[in-house]
Structures are given as C-alpha cells and as structure tokens.
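Hello,

Here is the structure for you to look through. My notes follow below it.

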Amino acid sequence: MEATREELLRLDGLSVDYPVRGGWLSAVSDLSVTLYRGEIYALVGESGCGKSTVAYAVTRLLPGTERMTGGIYFHGEDLTRLSRARMEKVRGRGIGMVFQNPLDSLNPVYTAGRQVSEAIELDGVSRQDALPRAVRLFRDVRMPDAEKRARSYPHELSGGMRQRVMIAMMLGRDPDLLIADEPTTALDVSIEAQILSILLDLKNARGASVLLITHNFGVVAETADRIGVMYAGELIEEGSARDIFNRPAHPYTRLLMRALPRASKAEGRLETIDGSVPSFLNAPRGCRFSNRCPYSADACVASKPPSRTLQPGHTYRCYREEAI
Amino acid sequence: MPAAVGEPVIEMSGLSKHFRLSSGLFSSNKQVVRAVDDVSLTINRGEIVGLVGESGSGKTTLARVILGLTPPSASTVYVDGIDVAHPAAKDRDRLHREVAVVFQDPPGNLNPRQTALGSIARPLRLHGASRSQAYQRVRDVMASIRMDERYLQSYPHQLSGGQCQRIAIARALALEPKIMILDEPTSALDISVQAQILNLLLDLQESLSLTYLIITHDLNVVRYVSDRMAVMYLGRLMEFGPTRDVLQKPRHPYTQGLLAALPVMNPKDRARDKPVIPGDPGSLIQLPTGCRYHPRCPRATERCKSETPPLAVIARNHTAACIYPLD
Ligand SMILES: Nc1ncnc2c1ncn2[C@@H]1O[C@H](COP(=O)(O)OP(=O)(O)OP(=O)(O)O)[C@@H](O)[C@H]1O
Ligand SMILES: Nc1ncnc2c1ncn2[C@@H]1O[C@H](COP(=O)(O)OP(=O)(O)OP(=O)(O)O)[C@@H](O)[C@H]1O
Ligand code: SF4
Ligand SMILES: [Mg+2]
Ligand SMILES: [Mg+2]
C-alpha cells in the first residue's frame, strides 16, 4: 500500500523563526511531513507549538518579518520559489484554507454571501451564477435560512455561523488540499459531525486531502487517518490514528492523552503537565520537552533525540524508550 | 447586598432579545431574528452553570444581555439585584468590578494595538490600581495560569490562538471578579492547558465561591466543571438540571439527540453512520409553531405542532420543555 500512495504535499525540513525581543523565536523547527492524496492528516499539539505557523507557511501567508528555511512541495513544485502571482493561483484552487479566527479573516463590510460568491468568481464563474451557488454551499454547511443569511454581515452571525461561512468559501473552490485550522470549535456536536462528514466525502469521493489542525480529540478520533504530534515547534511523534491513540510512544503524547476530561470534578481534578514551555530563543540543543518530562535524563538535555521507528509508519523522537 | 452562597445572583424571567436582520437596501419586509425568546433562568452564588446548545441558538446573545452590552427586547436581567440595562452609576462600577467576561472569539477579546500587559493592566488601572499594584497583579495572574511573563510584551497578532485566549482569561481573572461569564473559554487550548485552566477555575470556585456561566460546545468540559447545565435550542431553554442527571438521563429529545452525536474518543470506535439530529437546522426567523423542535423530533405528534410546552419540572431540580419528555 505504501508504494502506491501518491504524494500531495511534502514539508522538507521546514523551519520558521519570528523576530522577538532579544533574538529569534523558533516557532517551527526542522519539520518534515508528507501528506498523501486522499488522506486526513491531523496536526495536534500544545497551544503555541507552531501549528498555525505551518498552515501560514504552506499558504505563504506568513507576516513577512519571519525567517523561513526548508522546502514546501505541493504536487512536486516548491512553493517557496513561486512568484506571488503563481502562488495566488495555487491558493484557493489548489490549497484551500479555513483560518483559526473567522472574525479576523472575514471582511466586516461584505455580506457573507458576497464573500463566498467572490471566491467562486475567481474560478471564472459569472457573478450571476455565483450567488445561487454560494447559497447552495450555505445549505451544504448547514446554515439555517441560507438565502437570508447570505445577506447578513459577519457581526450579525453567531460564532459557529461564521465558521460555516469560512468552510463554504473553501468548499466553493474545490481544492485538492484543504487546510482547516480549528474549523469546528464554534459548532455543536451535531453540526460538527455533519461538517466532518463533508470532509470525509471530499476525501473519499474526490481524493482530496485534509490537513486538520485541532485540539479536539473527538474530531481527530472521528476523521484522521494519520496524526502528527507537535511540541514547541517540532514533530515529536507521527503515526496512524489508531497507533497514536492506543500506543502513544512519546512522553508528551502520553501525558496529553491523560488530560482529557472524562469524568466530573466529583471524581477528582484533571491531570496536567507540570511546568511550561521555556523560551526558545536561538534554538536549544536537547529535547524541547526535557524540562517538563518525568523521564528526562542527561542525554535528553545534551542533544536532540533522533527519530525512532516503533513500527512501520509510527515514529517518535525520544531517548528514553526503555525507561517508559 | 451581595447574595450569599446558594442565593440567586443572576436572575431573569421571560427574557427576550430580538434583532432586525439586514435584508438588502431596498427590501421593506424587515425580518426579525428571535435570538433569545422567553428565557427564565436563575444562577446561584457559588455555582457553575454550563450552557450548551445548537450553534446559533442564542447563547452568546444571552451572555451579552446578562453583561448589559445589549438591551433586552423584553423583561430584565438582574445581577446581584441590579437591573443590568439600567444601573445607577455606583451600581455600574460595581458590575464592572464584579462581573468579568471572556468572549468567544479569542483575538476579538483583545485590543490589537495593545500588548498583553496593557490588555490585562488597563481594567485594573481604570479601577484605581497604581501602576505598580497593577503590574504585580498581572504577574500574579500570569503565574496562576502558568503562562510565561515573556508573552506580556506581545501584541495579539504575535500570539497563537490559544495564547490570546489565555491572556483574555488572565485579564478576566485579574479583576478578582465574583461572577464570570465565559463564552467558549477553552476552545483554542490543547487539553493539557485546558485541564489546568479548568482546575484553576474550580479552585477559585471552592476558595472564593465564584459564580460561573460557562458556554461551550464541549460536553466533556461541561461534565467536568458544571454543577447544573442548561440546553438551548432556537432561542429557548429546552432543559435545565443537575449536570449529572442531564447527561446520564436527558429528558428532552433535543438533548438526547445532541448527546447521541458526541464524537467517539478513540478511532477504533468509529461508526459508519454517525447519528446526527435529522432535518434542517432550525430557523430563528421563521420559528416553527408549537414546540420549536417538532420538525426534527422523533417523538413529535400533532399536539407538538400546536402546543408550546413550557419549561416544567420533570424530576428533582430538573426541568424540560417537552410534551412527551423521556423517562
Ligand atoms: N508574528 C509573530 N511574531 C512573533 N511570534 C509569533 C508570531 N506569530 C506567532 N508567534 C509565536 O509563534 C509560536 C507558534 O504560534 P502558532 O500560532 O503557530 O501556534 P499554534 O500551534 O497554532 O497555537 P494554538 O493552538 O494556540 O493556535 C507561538 O509561541 C507564538 O507566540
Ligand atoms: N447583531 C446582530 N444582528 C442580527 N442578528 C444577530 C446579531 N447578533 C446575533 N444575531 C443572531 O442571533 C442568533 C443567535 O446568535 P448567537 O451568537 O447568540 O448564537 P450562539 O448560540 O452563541 O451560537 P454559536 O454557538 O455558533 O456561537 C443568530 O441567528 C445570529 O445570527
Ligand atoms: S414537545 Fe413534542 S416535538 Fe417538542 S420535543 Fe417534546 S415530543 Fe418533541
Ligand atoms: Mg493556531
Ligand atoms: Mg456564540
């Protein structure tokens, strides 16, 4: 099976640093990930670990102040070398993006319907046809009163309705790769399930791929084929969804899984991970989790752990397999 | 007089909030969105109430009315006995000090032109803290949410989604409020940071008897923190009761439908056909007659199309608005 999978997106040693007081903050460090056609790849990890930065790097929407190295290959073409104009073409049609903060990403002075229809018009659909299509897309994403809501402005919509506008806009372009950054945080579980089934349909029927960034383990459990776990800018574990849920190898992944609220406060407080992420000005040498890791040893602080393979397709970066 | 523990602190009866909808420049038929419609709800000092419900059902609107940010269309909300829409000057100050909010949209909580430090310190300064008092308080609150002080110098666009959300929580906590209205407060946090924030909120409830209204779509969060939970659908409360009872034995068909759609927690449990609530999402513009859940309800009969069931007592401390509640 491995051999027949067709590569769609490959990040090759991607690093992104942001300028901050006193130096550069290493937001993404030497990240290598491959997405194949027709798969849903979930990127999870600690808040602030660089997930949105990866999404912005792939769509080339980083602020411009950053320092970026490494390759981003989409359909085999290195996006980091594309001109602005060529990249405009890739965005939308080739790569669709749902941003983490809909209120920031929607234009406050345009109606919801107009924003979606303008996106569709970019693909040569006439203005006349675009609006009815936007309304149909609104129905697909379960927007109530689709026709009337197309005339609403973003501030007149609920948080979850705005998220549905973003999703409709992305679906309207019919991209090969969907990058969805926390796409369902404002949706109730029933509408969320319906949105997830749209993503699954796109994957199954169209062979589209999804890079799904989320903190919601339910969403991951329902949809992901593979999972990448990030911590402080690095990919620390990667494997099939079943492996990551049932045989997490990295100490961070294991501790993360345990923090999920499964009971009520009457049964005791939730487990948390002690400590916090230290500042990564001018990249440290060792494992970035070492100051919080219960298994940390001298080797962990001295140098970065190499990638180990637990079984085919399931890799992690940690020295202390034996201790765990 | 502030209410004692267990006494009502947020009260409303028959509360409504309707909006007029933009319908194009030349359209004369003004559409009305009944975002909150005839809601009666009491929250007691020292308790945590979780509010869940369909996306677009009026939860954020209800929160904004409670906060006095938008006037109700009918009836009144009392917070600590103060009519929030028409407070006397001294009462307004008290509300600002005692009631804190975390809004749903994380960056929308913060002023884009202010550093995190400025965002957290400003309300403290407005309430009379000296510069050094405010700074000390900011540092304490950052320590309590276990966030490194280096983020204090960042502007919102330099922070991740979850970092913005934690700064918004820090700002709310800094005022040492008595009541907190939290709209999706942990939606951008990973589960380990979320756990730590939820634990902190529970510690504060225990030590200071804080009162919380937590709006969320995350039923795991509601189960963990809330004492009672309310379920909203199309502008109305459909069910309200002790969290454990509502989750273990939902009485309203909407609640039951919502719980059935909960995602699995392990990929090995994936089902081919996920049960979702059938039919189209409800319209607040053309509300169904009778029970507003009837077009989608598996138990509906002719009666449900014409009779509007009120929120009625079903079991101890447990109410539901349904003609044929589950037992
Ligand atoms: N423009 C910027 N300047 C400086 N630092 C930045 C900038 N943008 C992001 N950062 C920092 O880079 C790190 C990664 O941010 P990113 O938004 O990618 O995290 P994330 O994984 O998406 O987090 P979350 O889950 O909270 O959304 C964070 O520590 C953040 O503070
Ligand atoms: N300023 C406004 N003008 C017109 N309609 C509005 C306005 N604000 C909210 N609404 C409408 O009121 C209804 C309730 O919105 P609200 O934001 O309260 O929902 P919610 O329950 O918080 O949803 P979500 O879970 O998606 O955040 C929606 O139909 C929304 O479109
Ligand atoms: S009143 Fe009728 S339609 Fe409404 S929830 Fe109960 S059974 Fe269903
Ligand atoms: Mg992010
Ligand atoms: Mg809301």
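This is a predicted model: local features need pLDDT of at least 70, side-chain atom pairs count only at pLDDT 80 or more; totals for chains, interfaces and linings use all residues.

Just after helix α3 of chain B, G128(B) has a positive phi of about 100°. Residues are numbered from 1 along each chain as its sequence is written, chains are lettered from A and ligands numbered from 1 in the order written, and side-chain values use heavy atoms, without hydrogens and water.

Helix α3(B) spans residues 116-126. Its buried residues include A116(B), I120(B) and L124(B). Buried means under 20% relative accessible area, exposed over 50%, partly exposed in between (1.4 Å probe, protein chains only). Among the elements covering them are α4 (131-144) and α5 (161-174) of chain B.

Now the metals. Donors are N, O and S atoms within 2.8 Å of the metal (3.2 Å for Na, K and Ca); water is not among the atoms, so sites may look incomplete.

- Ligand 4, a magnesium ion, is coordinated by S52(A) (OG) and Q100(A) (OE1) at 2.0 to 2.2 Å. S52(A) lies in α1 (51-58) and Q100(A) in the loop between β6 (95-98) and α3 (102-105) of chain A, so the pair ties together parts 48 residues apart in sequence. Both residues are buried.
- Ligand 5, also a magnesium ion, has T60(B) (OG1) and Q104(B) (OE1) as protein donors, 2.0 to 2.3 Å away. T60(B) counts as partly exposed because its relative accessibility is 28%. Q104(B), at 17%, counts as buried.

Best wishes

Technical notes:
Helices (H or I, at least four residues) and strands (E, at least two) are DSSP runs, numbered from the N terminus. Contact means heavy atoms within 4.5 Å.
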